[in-house]
Amino acid sequence: MERNDIIDFKALEKELQAALTADEKYRRENAAKLRAVEQRVASYEEFRGIVLASHLKPLEQKDKMGGKRTVPWNCCTTQGKTFQDVATEISQNSHKSSG
């Protein structure tokens with residue numbers, strides 16, 4: 001075989017993976033578009049929001065309950081605070097609301 005006839009399997013696999021990812025994204029967004037049209041959304045912004053959020057998955061029960069929350073859910077409200085301050089604040093708030 002000549003040098004030009006060698007198949008680069010890594011590049012081929014990378015190209016295949018990119019094509020599969022693009023196809024999955026297309027199918028997911030198309031399904032979201034069809035659902036949005038079926039729901040008769042009120043505005044284009046709502047339609048666009050549904051399509052843009054099509055990659056999100058619902059929370060599971062284990063994601064909703066229990067466990068210590070050490071990551072701030074809203075970083076905009078925690079500006080100027082350290083990570084330890086936020087983690088302590090979250091921990092204290094969860095103890096107050098459960099009692």
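The legends below accompany an overview and several close-up views of a predicted model.

View 1. The protein chain has 4 helices and 0 strands, where helices (H or I, at least four residues) and strands (E, at least two) are DSSP runs numbered from the N terminus. Buried residues make up 9% of the 99 residues; buried means under 20% relative accessible area, exposed over 50%, and partly exposed in between (1.4 Å probe, protein chains only). The chain exposes about 9300 Å², of which carbon and sulfur atoms supply 55%, with accessible areas taken from the Shrake-Rupley method with a 1.4 Å probe and, for residues, only the protein chains shown counting as cover. Residues are numbered from 1 along each chain as its sequence is written, and side-chain values use heavy atoms, with hydrogens and water left out. Because the model is predicted, local features need pLDDT of at least 70 and side-chain atom pairs count only at pLDDT 80 or more, whereas totals for chains, interfaces and linings use all residues.

**View 2. The salt bridge between Asp-23 and Arg-27.** A salt bridge is a side-chain nitrogen of Lys or Arg within 4 Å of a carboxyl oxygen of Asp or Glu, and by this rule the count comes to 2. In the pair shown here, the N to O distance between the side chains of Asp-23 and Arg-27 is 3.0 Å. The two residues lie 4 residues apart in helix α1 (residues 9–38), so that about one helical turn separates them. Asp-23 is partly exposed, with a relative accessible area of 34%, while Arg-27 is exposed at 56%.

**View 3. The salt bridge between Glu-24 and Arg-28.** The closest N and O atoms of Glu-24 and Arg-28 are 3.2 Å apart, and this pair is also separated by about one turn of α1, being 4 residues apart. An α-helix has 3.6 residues a turn, so residues three or four places apart point the same way. Glu-24 is partly exposed, its relative accessible area being 43%, and Arg-28 likewise counts as partly exposed, at 23%.

**View 4. Helix α1 along its length, and Arg-40 just after it.** The 30 residues of α1 should span 44 Å at 1.5 Å a residue, and the end C-alpha atoms are 43 Å apart, which agrees; the expected span is 1.5 Å times one less than the number of residues. Arg-40 is found in the loop between α1 and α2, and has a positive phi of about 55° although it is not a glycine. Most residues other than glycine have a negative phi. At 73% relative accessibility, Arg-40 counts as exposed.

**View 5. The packing of α1 against helix α2 (residues 44–52).** The two helices pack at an angle of about 145°, with their axes 8 Å apart; axes are lines fitted to C-alpha atoms, for helices over the stretch in contact, and angles run from 0 to 180 degrees between N-to-C directions. In this packing Glu-29, Ala-32, Lys-33, Ala-36 and Val-37 of α1 meet Phe-47, Ile-50 and Val-51 of α2, contact meaning heavy atoms within 4.5 Å.

View 6. Ala-36 counts as buried, at 0% relative accessibility. Not counting residues up to four places away in sequence, Ala-36 touches Val-41, Phe-47 and Ile-50. The C-alpha atoms of Ala-36 and Glu-46, which are 10 residues apart along the chain, are separated by 8.4 Å.
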